[in-house]
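Hi,

Here is the structure I promised to pass on to you. Have a look at it first, and then read on for what turned up in it.

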Amino acid sequence: QTGSANTNPSDSADDEYITNVSIGTPAQVLPLDFDTGSSDLWVFSSETPKSSASGHVTYSPSKSSTAKKLSGASWSITYGDHSSSSGDVYTDKVTVGGFSVSSQAVESATKVSTQFVQDTVISGLLGLGFDVGNTVKPRAQKTWFSNAANSLAQPLFTADLKHQQTGSYNFGFIDTTLAKGPIGYTPADGSEGYWGFTATGYSVGGAKLNRNSITGIADTGTTLLLLDDDVVNAYYNNVESAQYDDSQQGVVFDCSEDLPSFSFGVGGTTITIPGSLINLTPVSDGSSTCFGGLQSSADIGINIFGDVALKAALVVFDLGNERLGWAQK
Ligand SMILES: CSC[C@H](NC(=O)[C@H](Cc1ccccc1)NC(=O)N1CCOCC1)C(=O)N[C@@H](CC1CCCCC1)[C@@H](O)C(=O)OC(C)C
């Protein structure tokens, strides 16, 4: 058995990727952000304050014949960008890309932070991290993928995110036609709840890879590629107009710049991010100053291979073998 779901960029900057999920009976379809950096499936619901839920599609457990309250359970989560949400828990049927989990913990939001209120294109998150990261108390719940894994043809999923185009999340199979190069595999460290791995080196503009390893996480829920300052500086030293912009809280440059590519080694193969993907977006509509897709990870304390990096590859999240596969696209 397998599943295959389309995913779409939320805006012109590919800020987040939206995937439709069916919850309950009859199906209630909600647009969710699939996040390999967290492990909770939570949604805006009939229990979310009306003022906060305005503009969002919501889940109503009372309208689902298969919904059951998980009595005494609660959850509360805070993300890297300091956004947060919390609430109580139901179990219900959840279908992703045609594959159904009959009794999935669906975390209903009774509180959401301002960023979520304003982000009306999504109605919540579907965590694809390791179960150890789930925040439900008194007993942690499994992710949708963890519940599905044993019934899937293979206990793995792939992410094929694209710049301004429809991509896919496939469950239980690898569609190698999505990739141009071979899949390089490397061990995944799930101890912190997300998909940790080590890249063996990097290079700028097609040069030979160096041997400076980079340990970080593969995170579909983070927009940017966030790396150590020395790597960021090594890259932008090649960009004439690059400068740190306090108001933008990041490196910006002239939109007309011909940006160099950025490559990293992983699992014996090389992934090259074309310079075009590192020009994320003008700092405001019509501006000729653009914001960099590669930024410093110093404030977060962890390197994050977010969507800017993932867009250059087909990435295999292989739970069965506790490994990550990367293939050039
Ligand atoms: C350094 S970690 C920052 C990361 N957030 C992000 O990357 C958000 C995602 C977003 C896009 C659009 C609207 C709202 C939020 N984007 C962001 O901070 N941007 C600022 C810089 O320009 C690009 C957009 C983050 O917190 N990721 C979360 C999932 C994320 C999904 C969207 C809603 C908010 C939560 C998660 O992956 C996480 O916390 O990972 C940990 C392990 C770092």
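Thr 177 counts as exposed, because its relative accessibility is 65%. For these labels, buried means under 20% relative accessible area, exposed means over 50%, and partly exposed is what lies in between (1.4 Å probe, protein chains only). Before you go further, please keep in mind that this is a predicted model, in which local features need pLDDT of at least 70, side-chain atom pairs count only at pLDDT 80 or more, and totals for chains, interfaces and linings use all residues. Residues are numbered from 1 along each chain as its sequence is written, and side-chain values use heavy atoms, with hydrogens and water left out.

Thr 177 sits in the loop between strand S10 (167-171) and strand S11 (184-187). Helices (H or I, at least four residues) and strands (E, at least two) are DSSP runs, numbered from the N terminus. The side chain of Thr 177 makes a polar contact with the side chain of Asp 175, at 2.4 Å. A polar contact here is a pair of N or O atoms within 3.5 Å; within protein, one must be able to donate a hydrogen and the other to accept it, and residues adjacent in sequence count only if both atoms are side-chain atoms. From Thr 177 to Val 43 there are 134 residues in sequence and 33 Å in space, C-alpha to C-alpha.

Thr 36 counts as buried, because its relative accessibility is 0%. You will find Thr 36 in the loop between S3 and strand S4 (41-43). A polar atom of the Thr 36 side chain lies 2.8 Å from the backbone oxygen of Ala 218, and the side chain of Thr 36 also reaches the backbone nitrogen of Thr 220 at 2.9 Å.

**The ligand**

Which residues come nearest to the ligand? Of the 23 residues around the ligand, they are Asp 35, Gly 80, Asp 81, Asp 219 and Thr 223. A residue is taken as near if one of its heavy atoms lies within 4 Å. A nitrogen atom of the ligand is 3.0 Å from an N or O atom in the side chain of Thr 223. For Thr 222, an N or O atom of the side chain is 3.5 Å from a nitrogen atom of the ligand, while Gly 221 has a backbone N or O atom 3.2 Å from a ligand nitrogen. Taken alone the ligand exposes 820 Å², and the protein buries 81% of that; these areas come from the Shrake-Rupley method with a 1.4 Å probe, and for residues only the protein chains shown count as cover. Strand S3 (28-35) and helix H2 (114-118) are the elements that give two or more residues to the shell around the ligand.

**Strand S17 and its partners**

Strand S17 (residues 250-254) is largely enclosed by the rest of the structure, because 4 of its 5 residues are buried. Strand S16 (residues 243-245) runs antiparallel to S17, and 3 bridges join them; two strands pair if DSSP finds at least two bridges between them. Within this pairing, Tyr 244 has Val 251 as its bridge partner. S16 and S17 form a hairpin with 4 residues between them, and Gln 249 in the turn has a positive phi of about 55 degrees. S17 is also joined by 3 bridges to strand S21 (residues 289-292), again antiparallel, with Val 252 opposite Phe 291.

**Backbone details to look at**

Most residues other than glycine have a negative phi, and most peptide bonds are trans. Here are some exceptions.

- A cis peptide bond joins Thr 25 and Pro 26, with omega about -5 degrees; Pro 26 is in the loop between strand S2 (17-23) and S3.
- Lys 137 and Pro 138 are joined by a cis peptide bond too, with omega about 5 degrees; Pro 138 lies in the loop between strand S8 (124-127) and helix H3 (144-149).
- Asp 14 is not a glycine but has a positive phi of about 55 degrees, and Asp 14 is buried, with a relative accessible area of 0%.
- Gln 164 is not a glycine either and has a positive phi of about 55 degrees; Gln 164 is partly exposed, with a relative accessible area of 40%.
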